[in-house]
Structures are given as C-alpha cells and as structure tokens.
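User: I would like to learn how to read a few features of a model. Please take them one at a time.

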Amino acid sequence: MQYGYFDDSKQEYVITNPKTPVKWINYIGTLAFGGFVDHTGGALICRQDPALNRITKYISQMSASDFKGETLYLRIKQPHGYKVFSPYFVPTLDPYDLYECHVGLGYTRIVSEFYGIRTEATIFVSMGESRVIRDIKITNVSNAPVEVDAIPVVEYTHPDALKQLTNADWAPQTVVSKVVNEPDGHKVLLQYPFMYRDTKVNYFTSNWPVSSFESDRKKFLGDNEYGTWANPLSLQQAELSNWEAWRGDNIAALMHHLDTLQPGETRRLITQLGQEEGVDRALPRIQYFRDERNVERAFEKLAQFWDGYLSKLQVETPDVNMNRMLNVHNPRQCHTTKNWSRYLSLYQLGYGARGIGFRDSSQDVMGVLAQMPQEAKALIKQLLSVQRRNGSAYHQFNPLTLVASEGDSLEREDLPHYYSDDHLWVILAVCAYLKETGDLAFLDEVIPYYERDKHEQPLESGSVLDHLRRAVEFTRNDVGAHGLPLLGFADWNDTVNLRTGAESLFTANLYGKALLEMMDLSRHRSDPASAEKYAAYHAEMKERVNQCAWDGEWYVRYFDWDGTPLGSHTSDKGQIYINGQSWPVLSGFAEPLRARRALDSLRARLNTRNGIKISTPGFNGFDPKRGGITTYPPGTKENGGIFLHTNPWVMIAETLMGDGDRAFEYYDQINPAARNDRIDEYECEPYVYPQNILGDEHPQFGLARNSWLSGTASWTYQAGTQYILGIRPTFDGLMVDPCIPHAWDGFKVAREFRGVVYHITVENPDHVCQGITSVRVDGKVIKGNALPIFDGGTHQVHVVMGNTPDGEPSG
Ligand code: GLC
C-alpha cells in the first residue's frame, strides 16, 4: 500500500490518500514564528516558544478526523440551503474526486476536487515575518455556474499552552476578540489574552471583503456545541453573527462571498494569521500581503532560500533513495531539528520546560554546518551559556527566557541531577563548526557560565576554549570505582537510571571522542602541550575501558553502583547494547581486533531488517532500580526497540573499519524513502527519519513513531555525506575519504566549503570499498586527500579509488 510518491523534480513528497496511518506533517517557518501543518490542513503555530506563546489549538491526541487548529470551509449555494465541505478533507470528510498534499520545502500545498470545485491552497510563512499565509485558488471545474462562499477558520489557544489544558475557567475568562473594519470591506479579526492587549495580538485577515465573522466557537458550531466541526450549524445561515467574544473558546471565522463562478473561473483568497504588538503596527504589512504579487514574491523568496540551502551539498550516487534523502529530505530535516530541537512535533508537544535540549541541539547543529554555520554558531553560544562553572551542563533551556533546568532527572529525588554526557557533546559541536568554517577566533569569544548572583549577573565568564576545557576536566574528575565516568542521572540513553555510583561506558567513549577532537584542535592551534595532555587523558581512559569493560565478545555498557556489569553475557536482560559497540570504535579505544569483534557481535545479536536494535533482550517488567527503560514493553523505544539515532554511529564505525558494504547496508535498511511501498507496517512519513521503530520482540515489529525530531537526522546526514561518501571537513581542508559498497562504480558530490565550490567525481574502477590511488584538482595531481583551500571559485576534483599497498590514500 502506498499513500503517495516522491516528486524529485519538485523536491516534494505528494500524498494522494488523506487517510494516512497517522498524520503526516510538514514544518513551516522557524522557531521565531511557525510550527507544523498536517496533511489535512490542521496547523500548530507559535511564536518563539510553543509553551509560552502558542497561537493555534492543536491537540494531536485527538482522533485524525477532528478539526485541529485551522481549516477552510467552502459552501455551494443550492436551491434548499448550502452544501458545506472542507477542501482539506478534515473535518467534513466528504468524498473527493482528487486529493493531493504536496509536502514541499517550507510549504504545504493541498490540491483537491470536491463537488466540481478545485482548490489549491499553498500554506507557508513569509520569511522573516510572523505570519502564516494561505494562498487559496478556488476554481469551478464543473460545467455549470456555482455560487461559492469561503469560510476559513482558526481556533486559538491561550498562549500559555499548559494552562489552556489545565484550567478551563481561567483560560476562557482571559481571552478577547475584536474586529477592525477597514474602509474597503476588509476586516481584521484580532484575538488576544487580556494581559497581552498592548504587547501580543493575534490577527486573522484576508484579501477579500468579509461580509460577516464569528469569534466564538459555541456560536459557530451552534446548538450549544451540539453542532460539530463536521457540520457547523452557523454555516447554514446566510451570515455569521458578528460577535466579538469577551471570553470563551476564541476562534476566527471569516465569511467571504466569492459570488458566482462560471465554469473554468478562479477566485483567489489569501488569508493571513499572524501576531504583532498591536493592529496599528500590523496593518501596513497586512495590506502589503493582500497583493497577490507580493505573496508570490514571498513564496519565491522561500524557494530561493531553499535552493541556496540545499546547493551547499548535492550528491549523485547509484542509489536513488540515498540521493533523495541526502539532497533534499535529510538536510531539510536537519534544518527542522536545529530549529525545534525535541520541542514541538506531533509527538513532542511543546508543553512545559522541555525547550532546547543540551545534548540534542549540540548534535543537531552538526547537521547544518555546511548550510547555516552562523545560525549554528548562535545556537552553540546559547548552549555554552547554560554550562555550569564546573564544566557540566544543564540538560535543557527555554529558548525565549533562556532559563535552564535539570530536565527529567528532577523526577527522581534519590538520583543525581546531571547527565554525564551533556557537556561533552558541545565539544564535538564546536570542533565541527571550526572545521567547517576555519573561524578559530570563535574560541576566544567570552561567554558567561550559567550561575548568577542575586542581581541576575553571571558569576563567571570564560572563553569558548575555556568552556571546552572545563567540560573535559569535569568528566576526568567525575569518575567511579573503575575510574570510568559516573553515570549521573543518565548518559545518552535517558532511560537507564541507576543508583548513584554507577558508571557509564558511553560517557567514557564520548569523552574519548571529545579528547580526539581536543587533540586535533590543540595541534592545529600549535599548542603541543595541550595536545599531549589530552593524548595522555585519552590513553588513560582507553586503558581503563579495555581493562574492565571487555566482556569476551563485546563491550559492556554500564557498571552498576555495586560493580555489576550491565550489557554483559552475565546479564539476564539487556545483554548487549548497540552504543556499547559502536562508540569504542568512534572513540579510538577499541583496537582493530576488538572493534571488529564488537561490531560482529552487534550484527549477530542486534541487526534486523528494519534497523539495528538498541539492546537485547528487552526488560520484561517495571524495575525502579533500572529506571525508565523498564516502563516499556520489550521491543519498545530504549528497551530493545530500534532507536534510530544509534544506527548512524554503527555506519560510521563500519566506515572507520573500512567496511563500506555494511555501512551502506545499515544506511539503506533505515532509509524511510526505501519503505514507501510498505508504509502500512511503518506508518510514519516516508520522507523523514523517526526516533523509534518497534523491534522484533514486539508484535508490531517495524512500526515507527516520533518522526521528525530525532538526532537520527543529523547523524545519518553526517554518516552518509562525511563517512560513506567521505567528504569530510577537517582543520586542513575538505577531505575526500569514501567508504562505499564495493559494487559502486563511483559517485559525484558538489560541495561548497569555506566559500569554494568543489565538484568532486569519484571513480571506483577496482571496486574497492575504501582507498584512493589518485586525486587531481583542476587537472593537477595533489598529494594526500585533503583538498587545497582556495580563495574562492569553482574547482574540479577527480578521485580514483583502488587498492593501495598499505590501504592508505596515496596521491
Ligand atoms: C530522546 C532524547 C535524547 C536521548 C534519547 C535516548 O531522543 O531527546 O536526548 O538521547 O531519547 O534516550
């Protein structure tokens, strides 16, 4: 069963059946203003923060056929009343002759035909502005004239999203709607909580005269709300009630009489939903966007943005699904995770304190460095500003207030309130930024640590380099009985929460990887003393890990507070963990024999046709001594599920071991685009990576959930572009070091790096996975495989792979 197809020429996915297994969404705008639109037109929109400034009421747990946030009704005048339907299918669910939802780059376009009316609605946020535009073309495709009215509707939430759900008296008592009549028949319907009257006002308006409006849900639905969204009773009246609500469930519905459309005739209705300080400030731009040409310009600007964004890295490999993901959908998802961290999606609902995750965003920025290094840098600076003076970090912060918190660890009073890995990730992020840009001056920028005095002034500041050093020292000094890093509340795996004193092998390896980065950076900064120091730290931890954590066929994953290994053949459940095997390769702690053995054990025990499981066997029963992992049935999420974020680390590990066949096999088996024709098992969007897929211990093996906001986006992009295709930024230039399936004849990459465009052609005449025999740049042979840094321009790079005597690139 298929619900749609990829239209590669338009960089769209086109949904052709509205009854997808779950809602499939698309993001519009950014965290500054935007949110998501589902494939039936519902929308969750907010400005700067979904918890504190949410605009539309979208309750994703309600069933798929329910109205959520926004819709459009059309009605056709008939001899006895009106035929009312939604061209978005939801909420009226009428039979359709055509339905398409085009999931595009920063826009969604719904094209449908019902009862001889064709509607084409393009939904997007005009760049840099706080407004959603719906550009709606309505055409009579029947052979008779029809009289059509169009009634777009928005349902508001209180901006304090949680209060909306928890207080059903306060929220409705505080919200107000007001109409502004303009001389030409246009109306702007305002809505705001009373407390924000002079600071934050929502508005809904259009480019067409409004004959009447409604701002109260009860009146719109009618019959004390025994009228429904599927059949709002007010739409059987000629006009809406023109009620300015002074309380209640505020909506905005605007009645537009489009008059009689002759066969073939089209009307164009453009709506705007936005937020401003007040209507006077909003009016000039509102009027500007009533002009169709200005809307077209804004849409064009959006298209140009995405052209520019994607042009930084384009690939041409023998695999069509890899090309799809690496050229369009994966960098696009990385843009989304960079904006929204794990805050707002259909699954992560943007309530409460979650905000921007320290570890999550540190990894997300690594997926957008080629495309938007400056925005990445700005986010890195925010992250560093919630680091503590002791080098550890707060787990998350609110993007609007920058107030940080310890996250879920606060739920367990008996356990530590820090995560042992958070602060180490930012070392990887900063180093990746430096390699991409060469902007070493960033290391000297001074950023405060989080702690404040009673006047809210920072107690201490330090350079970016100082922040990184403190992160290293924190972990070096925070060790347990084996000299391994203490677990804290958790490491990358949030849900293994062991008693104070437990140690984490993941954090040990992440520390090792961070040290490799610090060594590399120190060398590049001509600071041999620091390079040596970090090399010594690395050797020290490497020795400890190899002394105590090798289990015979793989590495263990934790030591509990009393020294019991977890992730060992001696464990009853959770005998082997994926990250326990991939990360010793990434950290450089595993020597080749152990590395190979560990990856082979992982393959034998954890690999499935839907991806590699996080661990096996799953815990089967709640156990507070193990923590959150035991709240899930076996095969689910962190408890033996296919937790996708971990898979690209195995791909990278396999490339470091030189096995391009396995690296690509692991890449391909989780590629959502490759599942398009068996989507009923998988259920989620085929154009983005989900966070999790149920594992083979679960009866619904293969079912995906929590799509969009996952570290899988950034890491699979890095694995695909930097490790499999091997186009990797280094301090010394762009490196070409592919590790591909031996069957490939080669591939091409166009990559912009530090202002230079490299057109790279790789040939693989000997059908090897790895190894380079020659590199030519603009026709001249170069030594090694780091491409020279030029002043600018476009340069042709020709790489030939083949067997080299020592397996090392020659040149
Ligand atoms: C979620 C969290 C992430 C964590 C992962 C594994 O995706 O956002 O921070 O690493 O779960 O527990």
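Analyst: Start with E225, which sits in the loop between α3 (217-221) and β17 (250-261). Helices (H or I, at least four residues) and strands (E, at least two) are DSSP runs numbered from the N terminus. The model is predicted, so to speak of local features pLDDT of at least 70 is needed and side-chain atom pairs count only at pLDDT 80 or more, while totals for chains, interfaces and linings use all residues. Residues are numbered from 1 along each chain as its sequence is written, and side-chain values use heavy atoms, with hydrogens and water left out.

User: What is the phi of E225?

Analyst: Phi of E225 is near 70 degrees, a positive value in a residue other than glycine.

User: How is a pair of packed helices read?

Analyst: Two packed helices are described by the angle between their axes and the distance between the axes. Here, helix α14 (residues 592-606) and helix α15 (residues 647-656) have axes that come within 11 Å and cross at roughly 140 degrees (lines fitted to C-alpha atoms over the stretch in contact; angles run from 0 to 180 degrees between N-to-C directions). That makes α14 oblique to α15, oblique being what is left after under 35 degrees (roughly parallel), over 145 (roughly antiparallel) and 65 to 115 (roughly perpendicular).

User: At what angle do α13 and α15 pack?

Analyst: Helix α13 (residues 578-586) packs on α15 at about 40 degrees, and their axes are 9 Å apart. α13 and α15 are therefore oblique to each other.

User: Which residues surround the ligand?

Analyst: The ligand is surrounded by R342, R354, R359, D360, W492, N493, D494, E638, F643 and Q691 (each with a heavy atom within 4 Å). An oxygen atom of the ligand is 2.8 Å from an N or O atom in the R359 side chain. For R354, the corresponding distance from a ligand oxygen atom to a side-chain N or O atom is 3.0 Å. A polar side-chain atom of E638 lies 2.5 Å from an oxygen atom of the ligand.

Key:
Polar contact = N/O pair within 3.5 Å; in protein donor to acceptor, adjacent residues only side chain to side chain.
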